[in-house]
Amino acid sequence: MKDRLFLSSPHMSDEGYEMEYVIEAFDTNWIAPLGENVNQFEKELAAKVGSESAAALSSGTAAIHLALKAVGVGEGDIVFCPTLTFSATANPIIYQNAIPVFIDSDYESWNMCPKALEDAFEKYPEVKAVIIVHLYGLSADMDKIMEICNKHKVAVIEDAAESLGTYYKGRHTGTFGDYGIFSFNGNKIITTSGGGMLVSNNEERIAKTRFWATQSRDQARHYQHSELGFNYRMSNVVAGIGRGQLKVLDQRVEKKNHILEFYKRELSELDGVEFMPSNEWDKPNYWLSSMTLNGKVRPIDVMEALEKENIESRPVWKPMHLQPFFEKYDFVGTDVSEKLFENGICLPSDTKLTDEDLERVVKTIKGLWR
């Protein structure tokens with residue numbers, strides 16, 4: 001059996017930055033949640049993306065949940081959400097007993113379509129919040145989207161789980177809305193094994209989310225709770241991993257870009273192949289190199305051929321409005337997200353892949369066109 005080539009797996013630094021901070025946590029016995037690594041990871045991540053404050057949490061999902069709570073989303077409120085995303089974007093809407101309305105994508109960005117967003121506001125003018133996703137490291141068209149959201153005076157939450165290191169017109173994704181969230185799951189561009197970060201320029205509200213995330217424990221000698229709390233804080237150990245990973249973020253983005261360019265150079269001439277879009281306003285991290293197939297060779301053909309060679313790949317996200325759990329909720333748009341799902345495939349984008357590994361991938365794919 002040939003060595004397994006992964007879609008996107010954890011990649012620790014060659015320099016061992018992560019272990020320095022992990023060992024420090026052990027040496028100081030700050031193993032449980034909270035500690036110097038948590039405090040510094042919050043500061044360092046906020047500084048890296050250009051945000052004033054951050055809260056280190058147990059997951060990106062937890063960050064979206066607290067962001068929704070922070071903007072006042074509650075029972076019966078309507079929240080706009082892209083349909084082409086992972087379910088972790090939509091699930092927290094349900095946690096708050098709110099109602100998701102799913103918005104279609106456009107081909108220009110693969111992200112939320114501004115026209116569909118406008119149509120959704122006409123249908124649901126009472127919407128409480130809008131969640132934006134930057135899919136696979138591609139930035140949504142934030143100027144158009146923020147203009148629409150500001151016109152309607154609605155809170156904006158950016159799900160930048162897949163786009164840490166991506167810039168929109170020179171500014172980090174995750175910093176345009178009221179709140180931004182990042183994920184450090186094992187497959188993300190940098191990882192803490194699991195974890196997330198909530199960022200905002202509203203330091204007071206970030207402090208409040210930290211309070212909620214720490215079981216809403218009041219400042220009292222005894223254990224007292226005046227509000228509902230959550231066990232959402234990041235561990236000091238995994239925060240140490242995150243501090244080390246943050247030092248190599250730029251290297252990881254550079255390698256992700258190299259991987260995409262390799263695929264484009266080798267596969268773009270194949271009939272029916274089209275790669276994820278690039279725009280002059282977007283400097284993506286290309287978290288997952290993705291393409292669409294519109295010819296005789298279908299995504300399932302590529303996935304099965306790769307799997308025979310012990311190479312991991314996967315479809316583009318199945319839209320939320322087509323999911324059994326979410327299909328009862330409204331959808332605004334046409335069929336762009338469905339077409340991207342039907343025709344899309346994510347190729348191996350692991351930053352540990354060598355050019356020889358990438359050649360093995362493209363050789364397998366090219367064989368389907370012979």
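What is the volume of the largest pocket? The answer comes out at about 290 Å³, where a volume is the space filled by probe spheres set on grid points joined across faces, edges and corners. The model is predicted, so to speak for local features takes pLDDT of at least 70, side-chain atom pairs count only at pLDDT 80 or more, and totals for chains, interfaces and linings use all residues. Residues are numbered from 1 along each chain as its sequence is written, and side-chain values use heavy atoms, with hydrogens and water left out.

On a 1 Å grid over the protein atoms alone, a pocket is an open set of points with protein on both sides within 12 Å along at least five of seven lines, a cavity is a set where a 1.4 Å probe fits but cannot get out, and lining residues have an atom within 4 Å of a point. Of the 22 residues lining the largest pocket, Phe86, Ala88, Ala161, Ser183 and Lys188 sit closest to its centre. Two or more lining residues come from each of α3 (60-70), α4 (87-95) and β8 (179-183) (DSSP runs, H or I of at least four residues for helices and E of at least two for strands, numbered from the N terminus). The top contributor is α3, with three residues.

The largest cavity has a volume of about 60 Å³, and 13 residues line it, with Ser9, His11, Lys188, Ile189 and Thr351 nearest its centre. The second largest cavity takes up about 40 Å³; its lining includes Ala161, Ser183, Lys188 and Ile189.
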